[in-house]
Amino acid sequence: MVDQTDTEPILQLRNISKSFAGVQALIDVSFDLRRGEIHALLGENGAGKSTLIKVIAGVHQPDAGEIIFQGERVSFPNPLTALQHGIATIYQEPTLFPDLDIAENIFMGHQPVLPVTRRIDWHKMYSEAERLLNALGIDLNPRTKLRGLSVADQQMVEIAKALSFNARVLIMDEPTSALTPQEVAELFRITRQLRDAGTAIIFISHRLEEAFELADRITVLRDGRYVGTRLTSEVTPDEIIRMMVGRTLEDLFPKQEVPRGESALRVERLTKAGAFYDVSFELHSGEILGLAGLVGAGRSEVARAIFGVEPADQGRIWLNGREVQIRSPQEALSMGIAYVPEDRQQQGLILPMTITQNITLPILQSFARAGWVDRDREESLAGEYARRLDVRAAGLWQRVRELSGGNQQKVVLAKWLATRPHILILDEPTRGIDVGTKAAVHELMSSLAAEGMAILMISSELPEILGMSDRILVMYEGRVTGEFTRAEATQEKIMMAATGHVQGVRV
Ligand SMILES: Nc1ncnc2c1ncn2[C@@H]1O[C@H](COP(=O)(O)OP(=O)(O)OP(=O)(O)O)[C@@H](O)[C@H]1O
Ligand SMILES: [Mg+2]
């Protein structure tokens, strides 16, 4: 690690402001980044983190303030200019081309060319791609198509692409949110390797423990303003949380004890070839059943089968003690089941529509009278759920596309809660949600269970599973490998089952 105290900043932002129609996203923010440091950028949903890095990356132009890069005042009219200066960004949403292969993605827009003909030098492109992947210690073939690669591998391709531009600044916006613990470790290894070679890195995450493990310094934004910068070694998580939310948070996981009610959902030997096998469990009203496991264990597929998106091939389902067939999401909804998917952008939201329109979409019919929608009732209902989930926006009329990532996630939750389901399936309910709102979502889940709702919660975060679940089911490669009560469960037992060990024996 480079000595922090006397290192000249490679990048400085001075008094940056940026507003969008009706929203002041950044107000007078200053920030500096040193060579050879990993700098975590933290803050609540909508604090302005993504906007700040998009200003650095040339996606947004600041309304005021200046950017100083390697001692000179610069402006980046577009992302390519920033890249050519050596500033590379890995965004919250994927930006690669699924039908091109790895090498083509790495060299998109700057392919090596042959001297005279100026045609693409394919041979050089593939050998260079190979060299970059090797330098990172990544075992991928440059001729593999992007489609079908895991999120983790796609990120590795993005990092290789950044290196191909000789990036001196690498920015990563929530890179770990969809990775397994092993993949996170691998990403951290590579990030440290780049830091030690002198690259300056900005890292955004909602997981505080990641910032504390990885970063040399931490900067906090709140409501578009700069709050402060600290050396990680000289600050505690509590202090950082106070900087982020302006208060301390005590009980992050407040699941109340609720008497277990009647059986709400029972599945027996549910099987879908290639996805999951022989999955059986029972869920009672008032209960939160946690479904733990690694990314790719088949948990979302089970949820999608129960919700009728892609029904199972075999097995039986009972609702409130009565056997049912669920062939489509419409049928599932009409039976009182709601499913909040993990992928808010692709499955959960219609981005060009407003917050109100998104929240009321599944229940619009209930506002219709003789073909007319009662707009006042629609507005007030959307308003109620947006308030309960603390959706931060200029107004309910704002298009969901313009919301910060975490606030989009809250709208997805609001939309399904508004259907007042009897059975609620939540897939990674707090992914991308900040610590303060996370506590609010957990409190809401707990009170919904107390009102008699039955909740099936898929989560890859062990503290969330352990804190919120009355009972825990663990899956590995499509099969249930463990079941624990709240009292029995430990981090260790769950990790063992999630990696295919059943009572010490590998299956
Ligand atoms: N294109 C846009 N149009 C209008 N408002 C926007 C746009 N982009 C961002 N905003 C607003 O700017 C504010 C800051 O958003 P930003 O995406 O920077 O937050 P963030 O800190 O990255 O949050 P998260 O943790 O949820 O990703 C939010 O209020 C958001 O609604
Ligand atoms: Mg963001």
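Buried residues make up 45% of the 507 residues in this protein, which is a predicted model. Turn the model along its principal axes, and the C-alpha trace spans about 70 × 50 × 50 Å.

Next, select strands S16, S19, S20, S13, S21 and S22. In that order they form an open sheet of 6 strands with mixed pairing. Its edges are strand S16 (337-340) and strand S22 (479-485), each of which pairs on one side only. From one strand to the next the twist averages 15 degrees.

Within this sheet, show residues 288-293, strand S13, and residues 471-476, strand S21. The two strands run parallel and are joined by 5 bridges. To look at one residue pair, pick Ala292, whose bridge partner in S21 is Val474.

Now move to ligand 1 and select the 20 residues that surround it. The closest are Phe20, Asn45, Ser50, Ser404 and Gly406. Strand S2 (23-34), helix H1 (49-56) and helix H14 (405-417) are the elements that give two or more residues to this shell. Coloured by class, the shell shows 6 nonpolar, 10 polar and 4 charged residues.

Finally, colour domain 1 (9-245) and domain 3 (348-419) separately.

Key:
Residues numbered from 1 in each chain as written. Chains lettered and ligands numbered in written order. Predicted model: local features only at pLDDT ≥ 70, side-chain atom pairs only at ≥ 80, totals over all residues. Pairing = 2+ DSSP bridges. Helix = DSSP H or I, 4+ residues; strand = E, 2+ residues; numbered from the N terminus. Axes fitted to C-alpha atoms, helices over the stretch in contact; angles between N-to-C directions. Near = placed C-beta within 6 Å. Nonpolar A, V, L, I, M, F, W, Y, C, P; charged D, E, K, R; others polar. Domains from an automatic or database assignment. Buried ≥ 20, exposed ≤ 12 C-beta atoms within 10 Å, placed from the backbone.
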